[in-house]
Amino acid sequence: MTESTTATISQSGLAEAVFEESGQNVNLCYQCMKCAAGCPISYAMDYKPAQLIHALRLGMDDLVLNSKTMWLCAACETCTTRCPQEVDVAKVMDAVKIIAVRRGIKPAIREVGCFNRAALANIKKMGRMYEVGMIVGLKMRTLALFKDMKLGMKMFMKGKLKLLPSFTGARRTWRIFQRVKTIEKKD
Amino acid sequence: MTAKYAYYPGCSLHSTGSEYDVSFRAVCKKLGISIDEIKGWICCGTSPAHSSSKLLSLALPFENLCLAEAMGLKDVVAPCASCFARLKTAAYEAKEDPKIAEQISEALDKPLPKGMNVVSPLEIFCNRPDISKAPTTPLPGLKVACYYGCLLTRPSKIMQFDECEYPMAMDTILRDMGITTLDWSYKTECCGGALAMTRTDVVIKLTHDILEEAKAVGANAIAVACPLCHVNLDTRQEEVEAEYGVKYDLPVFYFTELMALALGVRADELGLQKHFVSTETLLSGV
């Protein structure tokens with residue numbers, strides 16, 4: 001009987017891509033479940049963080065890329081802080097999101113994808129986040145036109161929302177976005 | 001001579017969290033701490049940036065560190081926990097990885113400043129000697145649960161801020177101000193952050209758990225150090241109450257508002273009327 005020496009170093013395509021994107025080696029995970037236990041949002045996820053990492057190791061790329069898990073992650077960094085193997089789980093979540101979008105896979109939590117796009121479009125144009133504009137952008141994308149209407153009105157009445165954007169640094173910010181895009185294409 | 005800090009307010013402190021800006025400035029003035037707002041600062045990119053592009057999420061905060069250095073300042077203070085985390089992460093990543101540092105520099109089209117020191121106001125106030133002699137106005141009725149949230153302490157490798165699972169910095173400062181703070185187990189639990197805009201149900205559950213625990217230990221106020229935590233705990237409190245059929249009436253203060261009150265700043269100068277949960281009854285004796 002011969003023992004396989006290659007089984008422990010096999011790496012699925014997606015796990016490899018995650019490593020390239022984030023420098024995180026999911027094969028270090030030994031399934032202690034601390035990330036899943038500490039995650040405040042795991043109750044709403046289809047796969048707990050530890051399960052998503054396991055699926056990555058098993059090469060279940062489609063399951064991972066279409067999962068809700070990373071889109072529900074609030075980036076609270078509890079998993080990252082507690083992992084005994086020092087896998088930066090929150091960074092893995094970011095990497096999977098980035099790769100999914102790059103491969104044209106629609107986010108399983110559509111609103112979160114819309115939010116990210118609306119926020120970045122706003123920052124790119126304004127330099128600073130202009131909340132009223134961002135909210136309008138989000139509503140146009142999600143079509144949830146009346147969501148939080150009452151809350152928004154009350155915030156407005158209390159003077160918590162700025163009426164006009166500032167445009168400070170807008171051109172500089174736009175140029176940073178452009179250069180980042182060029183560098184990422186080159187890579 | 002004390003150091004001067006480059007002040008990075010970030011987007012929230014110019015809008016939804018303007019009370020944090022006002023009270024932070026008031027406290028600095030009272031304590032003689034010199035701050036200078038970074039000219040031409042831009043958004044740090046926050047969660048949408050790091051969910052979409054690593055390089056973008058580091059280049060945006062670094063632009064602000066470059067601007068601070070151009071003002072001749074090395075110490076940058078960022079009151080918003082998210083901005084604080086993003087600025088600190090950018091400095092950390094560039095130091096750890098020369099390749100990413102080179103890319104950030106290319107994206108900004110300028111050399112990166114070295115040795116920039118990003119701090120939270122909590123760290124500045126915590127390290128002031130004799131701060132306990134500063135308060136002039138007693139606030140004896142308050143029993144405050146200090147809520148630190150996620151990003152002040154996590155990830156601990158980068159943030160290097162206090163004890164990551166059970167921080168005490170805010171408690172220490174408020175106790176120095178003569179305010180009672182309570183031990184409780186939800187100091188660093190997550191409020192759901194930006195999911196409030198998209199998956200409000202998640203935020204309602206998480207903030208309910210936090211409010212419930214604060215009430216259970218006997219708190220009559222919560223102190224925060226993050227504008228997003230404030231929005232979720234204060235402006236959404238009524239929604240939580242409606243969803244769970246409970247009544248909390250727990251005013252949520254920025255810790256700097258409580259400091260300012262103890263240091264003798266008048267309540268009407270702090271924008272407390274902008275809070276959704278009224279602070280009037282609690283502060284009526286002050």
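**View 1. Helices α9 and α13 of chain B, side by side.** In this predicted model, helix α9 (residues 169–176) of chain B and helix α13 (residues 255–262) of chain B have axes that come within 10 Å and cross at roughly 15 degrees. Axes here are lines fitted to C-alpha atoms over the stretch in contact, with angles running from 0 to 180 degrees between N-to-C directions. α9(B) and α13(B) are therefore roughly parallel to each other (angles under 35 degrees count as such). Their crossing is left-handed, that is, the near helix is turned anticlockwise from the far one by less than a right angle. Helices are DSSP runs of H or I, at least four residues, numbered from the N terminus.

**View 2. Who touches whom between α9(B) and α13(B).** α9(B) brings M170(B), I173(B) and L174(B), and α13(B) brings F255(B), L258(B) and M259(B). Contact means C-beta atoms, placed from the backbone, within 7 Å. The tally is six nonpolar, no polar and no charged residues. Nonpolar covers Ala, Val, Leu, Ile, Met, Phe, Trp, Tyr, Cys and Pro; charged covers Asp, Glu, Lys and Arg; the others, Gly among them, are polar.

**View 3. Chain A meets chain B.** The contact draws 44 residues from chain A and 45 residues from chain B. On the chain A side, α11(A) gives the most, with eight residues. That side has 23 nonpolar, nine polar and 12 charged residues.

**Notes.** Residues are numbered from 1 along each chain as its sequence is written, and chains are lettered from A in the order in which they are written. Local features need pLDDT of at least 70 and side-chain atom pairs pLDDT 80 or more, while totals for chains, interfaces and linings use all residues.

Definitions and conventions: Contact = placed C-beta atoms within 7 Å. Helix = DSSP H or I, 4+ residues; strand = E, 2+ residues; numbered from the N terminus. Parallel < 35°, antiparallel > 145°, perpendicular 65-115°, else oblique.
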